[in-house]
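Visitor: Could you walk me through this model, starting with the overall numbers and then going down to single residues?

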Amino acid sequence: MAAEKINEAHDHLSQAEKHLKTSFMKWKPDYDSAASEYAKAAVAFKNAKQLEQAKDAYLKEAEAHSNNKAALEQAGMILKDMQRIPEAVEYIEKASMMYVENGTPDTAAMALDRAGKLIEPVDLDKAVHLYQHAASVFENEDRLRQASELLGKASRLLVRQRRFDEAAVSLQKEKNMYKEIENYPTCFKKTIAQVLVQLHRNDFVAADKCVRESYSIPGFSGSEDCAAVEQLLQGYDEQDEEQVSRVCHSPLLKYMDNDYAKLAISLKVPGGGKKKKSPSGPEGQAGGAQAAEEDDEYAGGLC
């Protein structure tokens, strides 16, 4: 079976070469027909598990038909199957540039997103670049929902690399987009993420500013997200390790995207704050009741 497919592929290659040849009666190469034969050869090679030759056939198809973006992307996917991820991403990026030039930016952005997913396990920096590039393509087309989702991927990877300055900028841009498309609940979550990032930058003022800006977002005041960040900022400012820990280990933060949940759990108050001790004896019981009341008040929201 494989031998038949390989023979079939070589037949298609021979036909392609004939279409490219010129003669006294044929002045111009027939690029379209050649590209078609190269594509058929690539599929035959792929079916025969001859991936290197399949990749070469796709590249010849792209070369024969200069507008054939899909052939370049197919070559990239073949390289992915060969575990040659950086090369695969390079061809997909080239294809995406051609998609933009030929008036199909959505297809370009989706190709960049696919390339980002491919490269993410081996090169986070490159993945961030690809997601940001894809987001900018969607943003230029006023496709803000798609742009914000891709920026979200970049933000999370920046946090994972502890590139907090860049993450802060990315999160602000994300939140602005979600606000523009009136996805307010997601804005609330982005505010929590912003506060965590800013506190990891040791910038309390910037964290507080993120919260203050969010008061203008409909529904933020009075939300559990607002209550959480206010308690978090208060505990951080007062170096109350117990309060900060309680908020950071609450389900609201614990079940955020994993990269932000890790930021919450690892957050420390400045100066290595101490946990407040409850007094012993009957007074301690009263203190415990008071703490329980405070917990109930927190659960209901403070904003």
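**Surface, core and loops**

Guide: The accessible surface of the protein comes to about 16100 Å², and 50% of that belongs to carbon and sulfur atoms; the areas are from the Shrake-Rupley method with a 1.4 Å probe, and for residues only the protein chains shown count as cover. Please keep in mind that this is a predicted model, in which local features need pLDDT of at least 70 and side-chain atom pairs count only at pLDDT 80 or more, while totals for chains, interfaces and linings use all residues. Residues are numbered from 1 along each chain as its sequence is written, and side-chain values use heavy atoms, with hydrogens and water left out.

Visitor: OK, and how many helices and strands are there?

Guide: The protein has 16 helices and zero strands, where helices (H or I, at least four residues) and strands (E, at least two) are DSSP runs numbered from the N terminus.

Visitor: What share of the residues is buried?

Guide: Of the 303 residues, 43% count as buried, with buried meaning under 20% relative accessible area, exposed over 50%, and partly exposed in between (1.4 Å probe, protein chains only).

Visitor: Which residues have the most contacts inside the largest nonpolar core?

Guide: That core has 87 residues, and those with the most contacts inside it include Val-195, Leu-196, Leu-232, Leu-253 and Leu-267. A nonpolar core here is a set of buried Ala, Val, Leu, Ile, Met, Phe, Trp, Tyr and Cys residues joined through side-chain atoms within 4.5 Å.

Visitor: What does Leu-196 touch?

Guide: Leaving aside residues up to four places away in sequence, Leu-196 touches Leu-232, Leu-253, Met-256, Tyr-260, Leu-263, Ala-264 and Leu-267, a contact being heavy atoms within 4.5 Å. For the protein as a whole, residues 24 or more positions apart account for 57% of the contacts with a separation of 6 or more.

Visitor: Switching topic: how many disulfides turn up?

Guide: A search of the whole structure finds zero disulfides, a disulfide being a pair of cysteine sulfur atoms within 2.5 Å. As for individual cysteines, Cys-187 is buried at a relative accessible area of 0%, and Cys-248 also counts as buried, at 2%.

Visitor: And how many aromatic pairs are there?

Guide: The count comes to three aromatic pairs, under a rule by which rings of Phe, Tyr and Trp (its six-membered ring) pair if their centres lie within 6.5 Å, with planes under 30 degrees apart counted as stacked, over 60 as edge-to-face and the rest as tilted. Phe-204 and Tyr-236 have ring centres 6.3 Å apart and planes at 5°, so this pair is stacked.

Visitor: Why is the pair of Tyr-215 and Phe-220 called tilted?

Guide: Tyr-215 and Phe-220 count as tilted because their planes are at 50°, with the ring centres 5.9 Å apart. Tyr-215 is partly exposed at 32% and Phe-220 is buried at 0%, and together with Phe-188 they form one aromatic cluster.

Visitor: Which residues have a positive phi without being glycine?

Guide: Glu-182 has a positive phi of about 65°, and Asn-202 has a phi near 60°. Most residues other than glycine have a negative phi. Glu-182 sits in the loop between H9 and helix H10 (184-200) and is exposed at 56% relative accessibility, while Asn-202 lies in the loop between H10 and H11 and is exposed at 64%.

Visitor: What about Gln-172, what does that one touch?

Guide: Gln-172, found in helix H9 (residues 164-180), touches Gln-194 and Glu-213 when residues up to four places away in sequence are not counted. Gln-172 is partly exposed, with a relative accessible area of 23%.

Visitor: Last one: where does pLDDT stay under 50?

Guide: It stays under 50 over residues 276-303, for which the model has 19 contacts beyond four places in sequence; pLDDT is the predictor's confidence in each residue, from 0 to 100. The protein averages a pLDDT of 89, and 89% of the residues score at least 70.
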